Every structure is written in structure tokens, then in C-alpha cells.
Amino acid sequence: MAMSLLATRARAKAYPLLTWRALKFRTICSGPAGVASSDLDPPDSPLAGNKVLETFKEEFEIGSRVITLETGKIARFANGAVVLGMDETKVLSTVTSSKGDAVRDFLPLTVDYQEKQFAQGVIPNTFMRREGAPKERELLCGRLIDRPIRPLFPAGFYHEVQVMASVLSSDAKQDPDVMAANATSAALMLSDIPWNGPIGVVRIGRICGQFIVNPTMDELSLSDLNLVYACTRDKTLMIDVQAREISEKDLEAGLRLAHPEAVKYLEPQVRLAAKAGKQKKEYTLSMVSDTTLEKVSNLASAPIEAVFTDPSYGKFERGEALDKIAQDVRQTLEQECDEESLKVLPKVVDTVRKRVVRKRIIEEGFRVDGRHLDAVRPIYCEAGNLPILHGSSLFNRGDTQVLCTVTLGSPADAQRLESLVGPPTKRFMLHYSFPPFCINEVGKRGGLNRREVGHGTLAEKALLAVLPPEDDFPYTVRINSEVMASDGSTSMATVCGGSMALMDAGIPLREHVAGVSVGLVSEVDSETGEIKDYRVLTDILGLEDHLGDMDFKIAGTRKGVTAIQLDIKPAGIPLDIICECLEPARKGRVQILDHMEQEISAPRTQDDRTAPRLATLKFSNDAIRRFVGPLGALKRKIEEETGARISVGDRTLTIIAKNQAVMDKVQEKIDFIIGREIEVGGIYKGIVTSVKEYGAFVEFNGGQQGLLHISELSHEPVSRVSDVVSVGQKLSLMCIGQDVRGNIKLSLKATLPRPSGKVDDVAEEPNLVRKAPDIWASVGDISNGEEHQKTTKEELSVSKSSASSSPTVVIRSAAECDEEEKSAGFVQNTKGTPKRSGNSKVDNKLKSTFSSLFRSTIFSEDDGEGKCDFVSEALTKNNQNGKGTPIEPPMTAESLKIGTEVTATIHQIRTRGLVLDLGGGIRGMYRFDDNGEEAYELGQELRVKCSSFTTKGIPVMSLEPQETEISRNGVKESKD
């Protein structure tokens, strides 16, 4: 058998085509490739064994969500690794630590959070098709993890620690940030790194007054509260809130609900650590000896206390005095050759400063700058300090100074977000900048800074609650906050300055938003670790932030809180103390709001501001497509020529221009390309495309055609159209209506001044003035219940309302005619006035008939009374007892249907038929029989019936059988 196997392998090498059979695979023709069974397999061939991954899992439920903690399957080499899952969203968090001894005096903790697009089954839309630098959301989620875990590392632990959290899969229902924080806590519990955990992190929402634990993203979109709460078993570590003006009472209720829910995360982590956790390693801690601390304290306490009790010192003067004290202590230690104390001198001096400041605040109730505990620093506000900008403001609180500017843009300028959850775009942006000069230091400006991103996002969340909804204000808004000087609470100063700048830009905010930072100084029992005494500080300085226990930033309006960020230094603060800080913050916020409202209390109007001009135009998608042009070339050309920015949306064009002149130029170009909605009485520029004997066709309003009839060329009679207009001539024309086929009727004489001495009868009548015209609508778009305008021989106006410009002949109701008679001084005999009949239909007919006869009669001073009597008498005769020949109302496009009978007048006699005047300016046609032309006369009246319509909408009439015809003078004659 061995010999045959060697022969087979030799043949395979000599004949490569036999490789498939030699390797015991089926041939391609025999079907799917697969290993053929053979008895020639060597019995001693090595087989890979099954590796068993020992995994540990904990499952629990919080807020109707099932949560799992799993370790041992993924990232087994990491010091600690946990996968936390909720529904189909899974997050991996790993923890590692450096092995060498620490030679620094701070904790180099790094937290990296990453959302890769594979978690939602998407390839990144970048040139390299891979993720690049961390996005803003990733930096914010990293801060959300860092803030609660940092205070729990033991004092003196200065080894480098790195946390890496990655989203493995996302169903877009749950926000992975809270899951990553809990997974990081579990990973630290499993590792050998000393850490005083675990912690629990939970999110709370509120919909219709009901709190929701761990809400989904859909529920968060409806919620007026987004509260993230982190804690240990009995103390608070971190709070992050975005709300829509929630009251302090409701906020406290949400915090007290969040604490027990967050505690539910602790026990599963403890159980998992008991199963798979490592024994904590003994790391070297950099501690200061009591001897060194006492020695330096004796040398520096008195001079440091003298500096802090002198309120005349400013920030930099105080800093220089403290540095001089540290130098004096250093010289003393160098003379004594105390090398051990010299190594830790900066840390020891800082500890002495903290003791002196905290003792004075707790015992005396006075702060570094001499203020009381609840006092707010002096405030200076100025809105519109940079008039050329869209909006600007300058805000000072003490030595802290912030310059805020507002820039408005079109909806296309919105920031595009590529996160796993949340909206795809963001139309409101606040960018916070902290340059080195604001603290008198030298530094380099790099890329995204975590601190700047965090402070800017906090101020952005605070202002977002008072912005108008997108439907009312669809424009993109960007605030730039430039810190000019920093001495504490620059993020809260950004909130105040940003609110004033938004109002200065004319943005209709509901009300002002202000923010203040609250601090805490506590005295802790060294044996139990519990707080014995504490003081709450309002509007803390930068030094009080550094030497205190807490930085509690709270922003809101007079009605409630809009944003909160809590950062602490000790290993937790009781929730009762946190809730107690809400009231001092509210009082301080109200004081600041008073100063802001004195400067600017309402949004400015555009008339008194140098602001951009914004316009949103609505067109059909076909018209927008015509405007954009191939590959957007036409749109880009207009933007380059005018300097405006045009955003294209669904049936909308949004234009943002630097000033009104640019806006007018852009709109003129858009009107030429697309046109705008046609209105009766609107003036349009057009070009004559063809000249006919009855008028001229004009192209206007983005390629639309209109008819300029010969009667509308001039106030004087015109014999030939070519005498007035020619092909290619540019004209300014007024739209006066539409004919029955929907063609637009234009007038040139309506835009020309009337000749002196000639006054039109319609112009003399003040009651004929109509209100502003509405937008044109086709006949098919008008609802049955809508009131339509009546028509005359010269014009048929079809619009969505009865409003139109005054035509040459105006149709009125009987009531309007009565008013006209009174205004013109006509006196009508009351005896001759027709009485109302009991039949409402007949009464309406009489009104319409009276209107038609009255308007078609031209009155003069001499015979006006006689004419009115004639009309009144005719109406009376026709209405008596329902006898007499009925007078038909004028024909309209709506009333003309197949089968409608009407008395028509012969308008033209042609070879093959007649052109009939059906009334109301409507023309119909009658075709001769095969026998040829019959004997007809112009002006002869015929009784006809509508039998059909041509493809162009012209009614085709047929003669009704009748014994007599009514001649032009109204005398009945025999048809023979």
C-alpha cells in the first residue's frame, strides 16, 4: 500500500492535471467538490484537537432589559476583558496596566472608546474605507467612562492604565455608552489592578411625566430628560443630564430613582469577579511620609494662609506669591540636604494649600477672594459687540471672559454624523476653544481636545432646549466660544454668552439660558471615611475647583434645568448633598439671568442687524432638477457668480446670501430658470417668441408660454401686432388671468401709464379694488365647494380664491351693484325694484342676470337713471308669476359640460363651419354638414348643445331643432 501511495504522488507531480484525483477530491464534472472517502488514509495522520474556551457568564435584568456579562471567550490575554450585551448590542471592554514602577505624581489613565462601522454592517464612507481619528461622540463616550472610574483608584497609584471599549454589534436600539461604562467596571473588577469598585451606570428618561429606566433610542427621542447616573453602593460618582427645562424637584426625583437602579449592576459584577477574577497585585504607591508633610507644613502654612486671606490678590498675583513661598521652602530643604522632601515638594506644597483653604472655608465661611459662600462674582454683559457678524456677545464673570459669535447657514451646512445611534445630522453646533493665552501660558494648538469637546457639548446641550423647532427655523446655527480669560467655569460662561449671541443674531429663543458652577468643600473622618462637615460654594474660582471636592455645573432657564455635569475628586459624595446643591445653583442662575436680560431680552430683528438673508422657496422636483443642471453645474455656477449658498431639499430650495442685494440677484436667476408661482396681478419679464395676427406669444417665468392679445398691447387701438412688439423683444408684462384651456393671459397695457385725459370706467370705481391675488391653480385643482370668479367676454380668471386684479370688465353680484349705484349717485325707484321670489334658484338667477346687465351697461350722468329703470323693468317682467322668457346666466368653464344647451352668437363664418360665441369669453365650433355651407349671418343667435370637446379643449356644438330663430335685434323670425 505504501508503494501504491508513492506511485500516486509521483504521477501527480508528473501530471498536474491528476492533482484532484491524487488529493482524493471528486472531479469537477461529478458535482460539488468534496473529499472522497478512501481506505488509503494513513492511520497515524495528526488531527487538530478541540480547544475548549472556559467562559463565565452572569445574566440579570434591569428596567425590563436582560443584560449579560461574559468573560473568557474574547481578548483572553488582556488583564481584564468583559463583553456586556443588551438585546443585540454587544460591547467589549478591556483593561491593561504598565508593568514598571511609576515615576510620576499623577495617574496616567487613558480611556479609548471606538465605534467601528462593521458593528452595523456598513463599510466606512472614507477614501481608505476604514475608520480614522476619533470622532466627537467617541471622545465624549470616553469621558463618560473616565469620569466615574478615576476617583476609585487608590491614592498614590500612578501606574499607566489603559481602557479600550469597542462596540462589537449594534441594533441601534440601545446607546452603547452606558453599556461600555458598566463593562469597564466589570473588567477592572476582573483584573489585578487595584481599584475600589464596582460601579453601576444607568440611563433614565421621562415621557409624559413617567420615568423610564434604560430607555431605547426611540423612547429617548420622545423624552424630555436624558439622565446618566453613576454610583457606588452608597455614593454618587458622576451625573450627566440633558433636559427640556425640568424643575429641580423633578430632577431630584429622577436622581433618587436612578441610584437604586444603578446599584443593581454591582452584585453581578461581584459574582463574576469571584468566578473568574484575578488576585489584586501589589503595586508600588507613591505616598508622602508624615514627616515630610509635617516639615513642609511648618515652613509654608503661615505664609500660604496670609496669601489666601488677602482678597486684594488677583489670580496671577496670588499664583506668583504662592510660587515664591514654594521657592523659599525649596531653598530651606536644599540647605538641610533633605533629598526625600525635595522629590515630593510640589505635591506636598499643594497639599498644604488645600488644607489652608478648606479650613478657612469650613471654619470662617469665607473664600479665597473674600466672597461669601453663596455670592456670585461681578458680571459684565455686552451683546452685538461685533456688528458685522451675524451675532456676537461678550460675557464676563469675575476674571472669566468669553467671546461668543453666531454664524447662520443653510440646512446643507448641518454636520453629518456617522455614529451607530442617534440622528444622521446636527444643525446646531457649539465649538468651544481654550487657547493657551487665556491662562498666560505657552502651548501648541493641536486637533480635537477632549476637554474642549466636553465643555462645548455641555454648553450645546444647555442651549438646545430653547432653540425653535426645525420646522419654524430650519437653518444651521454654529456658535464659536473663544475663552479670552479663564478663572473658573468657562463652560458656564459659554452658556451665558451663547444665549445672548443667539438673540443678537435674531434667533427666536424661548428665553435666556444661564449656567453656574457649584463646588463643595468637606471635612472627612479619617477613620470611617464619612463626611463630618461640608460647605457648598456658588460660582467657584479655578483655584476652588482645584482644591475642592466637586465641580457641579448646572445650566437652565427660570423655568428649570437644561443641562448638568458633575465631576468629583473623592471616591463618591452622598446623594443628599448633591440634591442640596440644586437650590443654591438656581438662585445664582437667576441673578445671572437678570444681568443678561438687562442687556438683551428679546431677539433682534433683521432690519437693525447685519445678518444674512435667508429664503426658502418651494418648487416641484422637476423644476429643481432643471435648476441644478447636469451634475449640479448650473447650481455651482450661480453660487460662484453671486457668492450665495443654495441648499437643495425635497421640493425646496434654501438660499443664504450675505445681504439683500445678493439675495435679489439669486432669486432673479432662479426665476429666469425655474420661474415662480404665477399670480394674477404679478409682473413678469418675458421675451416675445412669435407674433400672430391676434397677438404675440411670450416666454416668461422659466420657460412658460403666455398669450399677449392684441387688445392688451396698448391703451390705444392697435391695428397690427408687429407695430408694437417684435420677436426677441424683452417686455415687462402683467398676468391678468387664464382662458378656458388654461393658457396664461398677459397684458402690456396694464403695466403702462394711462394716457392723460382718458380714464377707464373701472379705474374710476374705488369699490373695484381687490385684495392681494392668490397663487394660480388649474381648474382641476379647485374643489367643488370653493367660490369661483365669474367670467366676461374678455377674461376668465381661475384661481384658488376669488381675489384677482381688476380686469377690464368685472363681474359682480347684485349686492355689489347696489353698493356701486349708491356710491355713483344713482337713485332707483323702489317701486320698480324686483321683489324676492320664494324660489331661491330663480332669485339667484335674477341676481346673476342683474349683475351681467348692469356691468355690460356703460352709464353716463344724463341717462344713468333711465338705464337702471330699463334693467329693473326687464327683470320685473321676466319674474312675474314665473312667466316670460328666462334670461340665462353667463357661461363659465365649470358650467359648460356635454349636453349643456346655450344660446350662442355667430362670431365667425368659415369654410367648414362656424365659430360661436357661447358667452363669458368662451368660443365653440359648429361643423357644417356634408351638404356644404348654409346661410348664416354674423351676429345671428342659434340654440346649440355641447356634444363633445376637441383634444385642445374646444367645445364642439350641435344645432338644436327649433321652429324660430332669435335675430340680433331680438325679434322672432321664421326659420324659413
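**Figure 1. Helix 13 and helix 16 cross in a right-handed sense.** A crossing is right-handed if the near helix is turned clockwise from the far one by less than a right angle, and left-handed if anticlockwise. The structure is a predicted model, in which local features need pLDDT of at least 70 and side-chain atom pairs count only at pLDDT 80 or more, while totals for chains, interfaces and linings use all residues. Residues are numbered from 1 along each chain as its sequence is written, and side-chain values use heavy atoms, with hydrogens and water left out. Helix 13 spans residues 490–504 and helix 16 spans residues 582–599; they pack at an angle of about 25°, with axes 11 Å apart. Helix 13 is therefore roughly parallel to helix 16 (angles under 35 degrees count as roughly parallel). Axes are lines fitted to C-alpha atoms over the stretch in contact, and angles run from 0 to 180 degrees between N-to-C directions. Helices are DSSP runs (H or I, at least four residues) and strands likewise (E, at least two), numbered from the N terminus.

**Figure 2. Side chains where helix 13 meets helix 16.** Cys-496, Ser-499 and Met-500 of helix 13 are in contact with Ile-592, Met-596 and Glu-599 of helix 16 (contact means heavy atoms within 4.5 Å). By class, this contact has 4 nonpolar, 1 polar and 1 charged residues. Ala, Val, Leu, Ile, Met, Phe, Trp, Tyr, Cys and Pro count as nonpolar, Asp, Glu, Lys and Arg as charged, and the others, Gly among them, as polar.

**Figure 3. The salt bridge between Arg-271 and Glu-58.** The closest N and O atoms of this pair are 3.0 Å apart (a salt bridge is a side-chain nitrogen of Lys or Arg within 4 Å of a carboxyl oxygen of Asp or Glu). Arg-271 lies in helix 7 (residues 266–276) and Glu-58 in strand 1 (residues 56–62), 213 residues apart, so the pair links distant parts of the chain. Arg-271 is partly exposed at 33% relative accessibility, whereas Glu-58 is buried at 7%. Buried means under 20% relative accessible area, exposed over 50%, and partly exposed in between (1.4 Å probe, protein chains only).

**Figure 4. The salt bridge between Arg-645 and Asp-413.** Nitrogen and oxygen are 2.5 Å apart here. The pair links distant parts of the chain, 232 residues apart: Arg-645 is in strand 23 (residues 645–649), and Asp-413 is in the loop between strand 13 (400–409) and strand 14 (415–416). Arg-645 is partly exposed at 47%, and Asp-413 is partly exposed at 22%.

Conventions:
Angles under 35 degrees count as roughly parallel, over 145 as roughly antiparallel, 65 to 115 as roughly perpendicular and the rest as oblique.
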